[in-house]
Structures are given as C-alpha cells and as structure tokens.
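Work through the exercises below with the sequence and the structure beside you, and try each task before reading its solution.

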Protein chains: 4
Amino acid sequence: MNTFGTRFRVSIFGESHGEGLGVVVDGVPPGIALCEADMEADLARRRSGARGTTPRKESDLPEIVSGVFDGHTTGAPLTVLFRNENTRSGDYSNLVSHPRPSHADRVAAEKYKGCNDYRGGGHFSGRVTLGLVAAGVVAKKILARHGVSVTAAITALGGETDSGRWDEIVEEAVRNLDSVGGVIECTADGVPTGWGEPFFDSVESVVAHLLFSVPAVKGVEFGNGFRAAALRGSRNNDPIISADGRTATNNAGGINGGITNGNPVVARVAVKPTPSISAEQQTWNYTTASVEPLIIKGRHDACIALRAAVVIEAAMAIGLAQFAPE
Amino acid sequence: MNTFGTRFRVSIFGESHGEGLGVVVDGVPPGIALCEADMEADLARRRSGARGTTPRKESDLPEIVSGVFDGHTTGAPLTVLFRNENTRSGDYSNLVSHPRPSHADRVAAEKYKGCNDYRGGGHFSGRVTLGLVAAGVVAKKILARHGVSVTAAITALGGETDSGRWDEIVEEAVRNLDSVGGVIECTADGVPTGWGEPFFDSVESVVAHLLFSVPAVKGVEFGNGFRAAALRGSRNNDPIISADGRTATNNAGGINGGITNGNPVVARVAVKPTPSISAEQQTWNYTTASVEPLIIKGRHDACIALRAAVVIEAAMAIGLAQFAPE
Amino acid sequence: MNTFGTRFRVSIFGESHGEGLGVVVDGVPPGIALCEADMEADLARRRSGARGTTPRKESDLPEIVSGVFDGHTTGAPLTVLFRNENTRSGDYSNLVSHPRPSHADRVAAEKYKGCNDYRGGGHFSGRVTLGLVAAGVVAKKILARHGVSVTAAITALGGETDSGRWDEIVEEAVRNLDSVGGVIECTADGVPTGWGEPFFDSVESVVAHLLFSVPAVKGVEFGNGFRAAALRGSRNNDPIISADGRTATNNAGGINGGITNGNPVVARVAVKPTPSISAEQQTWNYTTASVEPLIIKGRHDACIALRAAVVIEAAMAIGLAQFAPE
Amino acid sequence: MNTFGTRFRVSIFGESHGEGLGVVVDGVPPGIALCEADMEADLARRRSGARGTTPRKESDLPEIVSGVFDGHTTGAPLTVLFRNENTRSGDYSNLVSHPRPSHADRVAAEKYKGCNDYRGGGHFSGRVTLGLVAAGVVAKKILARHGVSVTAAITALGGETDSGRWDEIVEEAVRNLDSVGGVIECTADGVPTGWGEPFFDSVESVVAHLLFSVPAVKGVEFGNGFRAAALRGSRNNDPIISADGRTATNNAGGINGGITNGNPVVARVAVKPTPSISAEQQTWNYTTASVEPLIIKGRHDACIALRAAVVIEAAMAIGLAQFAPE
C-alpha cells in the first residue's frame, strides 16, 4: 500500500489540501547527521517557480518530528512532516461530477466510494512526492557511506533531446494551454557488485517498483532498455575487461541477472504530460450523464518533468538503499 | 527475495541442473478445479523446439505436491515441482574462471562467495520461470472468476514489427551464432475499475516488479509508455465517454493514478537478446587475469523472446491477482 | 520493525521527550466516521492520574493529519500526531552512564551506538503506545462493522485476583518506592468462524505478536493457556454443541488450529512490574566500571498495568483487524 | 500466511495424507555445509515411537531439492521435501460430518468451503511441523556461526514437574484413552546484545509469533513470564553486574525493551493435550443435526509434547535467525 521496503522502509501519508503530508522512514542507521536544512537543496529542485510549473507556491518546510536527536539519526523511525499552506480547495469543486481525463479523479471516487479527499487530487496528488524526496535525502546519505551517488536529469522534453530547445517547447505548451512530457535519466555511480536478489527482488524489480510509484511515470528501462530488444546479442553484450567486473560497454545498465555488476546503474523513465491542462477537453459528466466539455480550473504544471528529476533520484536512492549492507 | 505478493504469494525455488525446480503458491482460493494437465498448454508455449530455441529438451512434467484434493484447490499452499532430466553439467565447467558477458555468472560467484550452483546459470537460469508459468496458470484461473483474461504476444523481433520477417531474422541470428531480442505486449481484458493501491502498490509498480523479475527483461511500459514522454497532454489524455469509465482512447494503458480504470491494461516489455551466444566473445579470464576470447558451449536459445510471451502473461496475471477481491 | 500488518497496517513513530509521536494507519476502509474526539475515551483510559501512575501529566491531544475528510476516513493513510508537552529531560542525564536495570537503556545504547534518544526511554518509552491506542480506536470501529467488540480489564494485581485488595497493593508499592505487576484479560466477542490463517498467521501468532510489542508484556496465553498444559484432553476439549460451532466450554479461547471457531477469543497477558522504581538498586556504572547503587529520578508508574488494559485492547483489535474481510 | 520472516524466510507446504510436505527456506547464507543426514538427529527427536506417541510410522526422509550444491548451501532457496508413506486415509472419512472437538476439522471445512483436505487434519496436521524442523536445522547452523545455541526440553507433563513421574502420567493417559499436555522450556545461549527491533519486531514478538504457529501451543512466556505479574519490581529487576550487560538474575529471559541483553534468551511454552483422544466425546453431527457421541479412529499421540521439544527449538531458532547479522 503506502509502505515500501524491508531494510529501509518508507511510509508516505497526506493529501494535497489536507493538514499536511510527509513520510515515516524506518531502518535508518543511527548516527547520520541530519537536520531540516539538509533537505532544502532537494526540496528546492522539486519546488515550482520556473516557467511551465504551477503558480501554487508552497514553502515546503520540513519538520523532523521523530528519529533525530542531537543532530543525528537515532535508529528509531524518522518522521518528516510538511504542512500545507497555500490551498484553494474551492477550485476543485466541479471535479466530482466531472472528472479530469487521465487523472485519478474518477477511479479514486469509485475505489473509495466517494469518500476520498478529491481536493487537488487528494492523496493522488504529485504533492505527495514531497515525502519521497525527504526519504530520498536520507537514502542518499546512507548510500554515500557506501560510496554510491545518485543523479538524475532530463534527457528529452516533448520528444526533443536538444536541451537548447526545451524552453521553447515548454513555452509553446503553456501558450497552448497544453502540457508536455519528458524523459529523465538516473545514474547511480559507485554501486558495488552483488546488490540485488535473484528473481523477485532484482535491482530492476525493486527500483522499477518505486519509479512506477511516482505519479506520471509510464515507462522504465535499464541500460539499453527497449533498444536492446532490437539488437543482436553480439552487440548488446558487455565484455568484462577487469577482475572487478568493469565492462567495456554498459548496455546492461549495471545489472546482470538482477544483480549489480559494479558498473553504474542507469535507468530511464518516461514522464507523461500532465493530464491537467487548461485547454478544453471532453469528459463524462456524471450529473448530466453525457460527454461534455471540461475546463480545468486550479493551478497546474505544464511540464511536470521539470520538477520530477529529484523525485526519480529519490526513488532510485530508496530502491538501492534496500540492498545496502548494514 | 524469491517470494512475491501478499494476497496471492508466489515462492519460486530450484536450479537449472539441480534435482528440480518449482513454486509454492499461497493464497489460492479453495475450490478451483486444477490438475497437472491444466498446465500443459502454457508449459508447451514456454517449451523449446522451434527454430531459434535451445536443443535441450525437457518434458517439463509438473507434479502437484500439495494444495489440491479431489481435483480442486484446498486453500492450503499449492506446490508444483518439476524434475530436471536433460542436464549436461559438464558443459559449464569453464564458466567459473571465464564468466559469460552480460550473464549472471560473475555477479553470482561474487555475491555467493563461489558457493552458487553455476551449472547452466543455476538459480539464475531462465528455466526457473517454469515455476512462474505454473503459478500463472493458477492466477489466470483466479482472474477468470472476475472476468479478466490475460494474453501476451510478440510485437517485434530484432526491431522488426512485421511478423512475416521474424523467421528470417531468427534464422540469420542462428546462422551467425548470434541472438536477437524482441518486444512482447501483454493485455489484460475485463479488469474492473479500482484495482491497485495508491503510491507504492500502483498496478504499474506491482506488475513491473514482476515483469522485471523475468530474466532478460530490460524495459517495461504501460499504455503509450515512452511515447507519452514525447506527446502533449491534449494528445495523450483519454476522454472519458461513459459512466463506467470507458475512454475514447487508451493511452493510459488502463491505469490512472496507479489504479485500473476499467479499460484494458496494456504493458509492453523489452526482452534483450540472449547473452549466451555461440560466436566468440571477449571476457575476463580469472585464471589468467586477462581479457581472453570465450566460446560458450552448452545449448542456448538464439531468441528467448520466442518462449517468453507466456512467462510475461504469467507475470501480469500474478500481479493482477494481488488485487483481485476475495 | 515499527510497522505491523498487511491488510490493516500500523506504523508507529516518536519518542518520549522529542517533538511528538504518533501513528500512520494504512488499509483503513473509506467511510468510517472519525474525528479526534472519538479517541478521547480510550486515551483517557491510558492517561495517568490515578494513584500508582506517573505524576507526569500530558494532555495527549491527537491531531489527525491525514486520511480524514468531511468527518470520514478516506481510504488513504490515516496519520495521528501527538505533541509532547510536559518533558523534563534533565531528569534522565545520568542514565547513559548508569543504565536502569531491566530497562532498555543499555541495550538501546549498544544497539544504536550511543545515538539513541535516551530521554525518558526515547522510542522505547511506554508513551509510544499512544499511537497504538489511536490505531486501536480505528481497528475497533472496523471490527464493529463485523459485529466484533473487544474489551480488556485487569484480573490480577501483584498476584491478587480479588479486586477489592488492589488499591492496597498499589498503595503499598508506592509507599515502598517499588512497583507491581498484573494480569490483563482481553476478550473479543462476536468474532466469526474462519478468521486466521493456517500456520504462521494463526490468530494466536498475530495477536501475540502485537501483545508482545507492548512494553512490559512478558507472557501471553489463549483460553486455558498454561493451565491446559496440566490437563487431560478429555478435560481440555470443547464439545461442539451447535451447527454454528458454539462449544459447551471455551477452553480453546475461541481458536482451533489457529482459526477462530465462533466463540469469544480470550487472551491473558502478564504485565511485569515497572522496572523504573524509586528504591535504590544496583547496576553497572559505565563511568566508574563497577556495580554501584542507582536512584532513579524522573516520574514513573508504580503499576503500569493500571494504564495498560486499553493498550492490550488496541493490540487485540489491531490483530483481529488483519483478518476482517473487506 | 504460510511464509514467515524477512531475512530468513520460511515457507511451509503440504498435507498429512497428500503427496508430501516440506519447506522452502530463503535467505540462507551461502557456504553452510548441509546434507540430508544433517537433519536426521532433529527429525528423530520429532519422530514417533515412544510410549504415548502415535503408532503411525513414517521414515521422514528429507530430500533436498534445491539450494545445495557440492555439499554446501548456495544462497538460493533451499527446498526440503518429505514424501508421505504410511497414510490410511479411510480412517478419517467420518470427520467431515462429525468434527473432532478442539481440532481444526470444523473451522477448516467452513473456512475453505468444504474443499480442504480433511484427511488426518490435512494442512492443519502436526505433521506439517516436519518442514519447520528442517528449517530449524538450517537456522541453528546459522546461529552457530554467531556462537548461539538453542536447546529445548520438557519441564512439566500433566502439571507434574518431577520427570520421574512422567512415564506413569503418560501411561495413565494412554490407558484411559486420554491425552495429556506439557510445558517445554527453550533456551538460547550466546545471543549477543542488540538483536531485536523496537516495538513490533521485539524478540518476544517474533519468537512468540513462531511459537504460536506450532499446533497445540496455547501459551508463551519469557523469563519470569506470568510469575512476573505477581512480583514487585524490586524483585523482578535484574541488576546489571558487568560492562557486557551480564545480570545477576535473568528474570527478563534475556530481553529488555524487546532487545536481547546478552543473557540467555529463555521462553516457556504451554502445549495442550492432543485433542484427538480415543475416549468417547460429544460433538455436533452435521448430518443428523444433533450432539452425538464421537469415537475418533486413526492413530494419535497421547502426549504430543513428547515430540514437540525439537519443534519449539526450531521455532526459536528460526525466530532468532531473523536478527542474525549477515
């Protein structure tokens, strides 16, 4: 459900327009220096503000409620709480009868028998990833102890890989009251050989599980990924060129048989265009029982991929932290 | 590790050249008609024999050891055992010092400190998917009770989507002592609205977790998947056109916010070319401590995708069975 | 670790003298009427105030941070937060070098390498059961939908089963700067036949797991429990006297083969005397490296059993809620 | 359900009169010397033969199906299979309409809608503990690497603690066509400080979870257990007398705050008298819809406690193995 992991366990909670949201992280080793300020850099990367991101401004101030004492983690559950501030719930009043296409509005209403908090998507809001980012900060500190660093960045926006054109693409989407998707690549350097478990807890399985938890992610691939499906083995294989397992190429994205092989772990993630667009759409109106036009009010991101790289980074870090030895 | 699932729990075991392999399935509802013969159709789809598949012939006869009484499941754990028959372990003797590129040989040796059963890949062999197929047969029977059917088929081989050219592509790979990858698409029809859990147990997360457990899978996408990353929201959104949630298009692959929306669930999977090719490759020789040529002996599939569709189907079915109400 | 359950999942967090503590509850069905006031009755039963309980006064005001909307549960994770108010952390400064006998002080320091929050026992404090009580309120509301009610009460204090003598026993313990243990019996009425799972998730296993999580619990028995070990089968067996499984006696405590049999589920729990007593004790002094007298400062309960019945009730309710059908 | 554990995961399967039963153990470290013969000593302790045990003779020959190669564990799942041999299923034909008191017959029929394998109790049979014993052998080998040894023995039979009288007590039960319960004490020596997790995964919680999985166990206590409830704190506390945490007494049974404290871990278990007695009993007859006499046919143990010590030992070992560092 809303908990993931065995060794490093993350439980997220909260809604977009409720009292607050956050995360409980269990399995944090004792003695890691941690304070609220440590989270600011990653939270800032997720925060809106740039062109193409929502005009809703949230300060996203984390409060560490438990698990830290004298500036260090204690080994007990770490709780990070974010209060919601800038909520305009009135904006969402029409989404119950008139659910947004490709959003969770309708499925949530049906699954939870109309009891779900529909304001701003409620628990299905991308805002819930705040907790993931906070947990990611801790995961990255754990990984750093093992010499592992994780970084993610956009590699394509709207199908365009030339970053020089991205501003223009986003601008055009905003101008057209539309949205645009993107691809994010995430690399973990320094992962030792032997992380991961055969079969169900392969590194790909665990990391993909987390990556697909991030709202808007519709595709995940490792190494050559879908390109591998078009290749011959002689071209896709990675010759081992060193006793430590270093390979001449890294088509496998650092993973063989579900286990890390000592090369960088590389994943790519497809982020769909935000379904909340301001242009008129068609959708079912449950009050009138007919397909009708919908104009979505509220404040939305034209390109959620712009804010997602740090979330993907967090997901990868949380996934790898499952395998870090104690 | 080698167990997956809460409500429908699958534990696989066994090695390619050991006594046998199989699966324990827990959470099977009582009263499902089941016998060994029910598994034959799916096992046959996974079996080798076609051009481009391994000359190792195994009868793959399942034995139901527990969980069935008087021709029906009892509700107690179901165990299905397959004995290995056609093992030629001598073939693998040189893989310890001279690990196959892009295979688990080296990482397994390192992770398990040289104690792993290296014969035929041991527990990392694709042969372990026999247990997954057996569990998939049961999962599909459970899903059928809810009106859900799952089917998977190859949609591309070696980058070619025209199926008329696939024989030729496989033939060419065999001739060149090479291998070739493919793409498999899997569709689940009849899935009701509301399956899946927000955040970590989204349908995408759970199904992708299982799909990435299948050896050789390097990419997974749902609905438009990676194509969505290149689209505008106005083009990727699915207008709702009916009170039951039916949409005009199915770009979401039947899933919104991680929850099924009543439309078919559609996943696509990238299967890499078999790393075991007969052509000469370079790899590290741990005895001589240098890069040296390797000629892989043993019997291998030139195109494992040819046998993988039913495995993908099983993985999807096991994933969806997690969400089927009791 | 600090999470329990699959269907109804409880994650507790917090420390005795930190910012706060609480619980995240996942798997709560939507549509249950719930507000902070609903928790007051149970919280009051756990609160100190009576003779023999700690003079530390806490208002224990719950704040529902997530999971409730318009007065009803939403189906998303429910978070309940309690702020600590009346903390006097200076009291605990000497417990690092001079750990209290039979308390977690020393093991926590060793396990967490000196990074644990030692103030008031930190995360090992009985105060952490506040979150359990809050989760228990919800579990009892779920059970009530199935006609199940849970009640717990003290049946013995200091070895005395005559409740008329309990005040005197507690008074004597207080007077002697000592503490005293007790036995609590918990009964769940109305549990249908068939809850529980064979083998590892027997009702006894799941409920005992939770009961032993409660600090100070050192024994758990069901039905005749330890008395059964002294009986003959002819005397311990429960004749079935009705088609619905009602039995003439309930020596089994409502559970056969780990599965409920339709009779009341009855558990008894041994609560040890509070280890924190004011009388002088001997313990190891890590500064002087010798056994030395210890006088425990701080504010403690002479009889924690007086406050524990509602915690036991919560544990039983959370345990049974794992088996309640959706 | 039928799987327990995270780090050392045990999945049991099988029925009393089916093809066979056994266990899959995951998380076994590689390199442990293991063969079938290593299990014989423990299996022999569980085997019938003594006065007061069932006349059903089973050779209980384990077959290691997976997870061992060249005489050592591989790190992959270990599967141990036992074939049933001496089954007389005809004996159980009347138990469907006329369920045995205090046995799982009725609850199993109801829970599994009449599809359960009722022969000899099916999956609810004590015979299923064979798999637990096999897993216990492995768990004990893992613990031995950490200097931990586990032993269990009967301390009371039929309420009598003087072992000189036990033969007579059993003999009398057999003569009276009755059965008799007992108490088993289990001690783990050499457990280091710091095993266990605060709150839900306390050592008591995890070990009790397993102990209550063993059929016929109705009570579990640690250290002074229920006696502690009658004591004053000054009498129940254990003075620490050494820097390594050694205590003058071990009233806590080696566990403080759910965490091991370096002293022996001591648990006591109440085993009820076998419900299957040969003397006439009353129970509901579902065919005639009235209470009627029942004479149980089949072959049963008059004192199952005689065979249970090694099962308790296995449960304790499996529980502690969850906490053994890698």
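**Exercise 1: a sheet in chain C**

In S2(C), C:Ser11 is the bridge partner of C:Thr3. This is a predicted model, in which local features need pLDDT of at least 70 and side-chain atom pairs count only at pLDDT 80 or more, while totals for chains, interfaces and linings use all residues. Residues are numbered from 1 along each chain as its sequence is written, chains are lettered from A and ligands numbered from 1 in the order in which they are written, and side-chain values use heavy atoms, with hydrogens and water left out.

Solution: Begin with the terms, where strands are DSSP runs (E, at least two residues) numbered from the N terminus, and two strands pair if DSSP finds at least two bridges between them. Next, follow S1(C) to strand S2 (residues 9-14) of chain C, to which it is joined antiparallel by 2 bridges. Then read the order of the open sheet of 5 strands, which is S1-S2-S3-S7-S4 with antiparallel pairing.

**Exercise 2: a hairpin in chain D**

Task: Determine how many residues lie between the strands in the hairpin of S14(D) and S15(D).

Solution: First locate strand S14 (residues 281-285) and strand S15 (residues 290-294) of chain D, which pair in the antiparallel sense over 5 bridges. As a check on the pairing, D:Gln281 stands opposite D:Leu294 in S15(D). The hairpin has 4 residues between the strands, and D:Ala289 takes a positive phi near 60 degrees there.

**Exercise 3: chains A and B together**

Task: Describe what chain B and chain A bury between them, and how many salt bridges they share.

Solution: Start from contact (heavy atoms within 4.5 Å), by which 98 residues of chain B touch 98 residues of chain A. Buried area is the accessible area (1.4 Å probe) that two parts lose on being put together, summed over both, and here it is about 7,500 Å², 60% of it on carbon and sulfur atoms. Finally, count the salt bridges (a side-chain nitrogen of Lys or Arg within 4 Å of a carboxyl oxygen of Asp or Glu), of which there are 6 between chain B and chain A. One of them joins the side chains of A:Glu172 and B:Arg232, at 3.4 Å from N to O.
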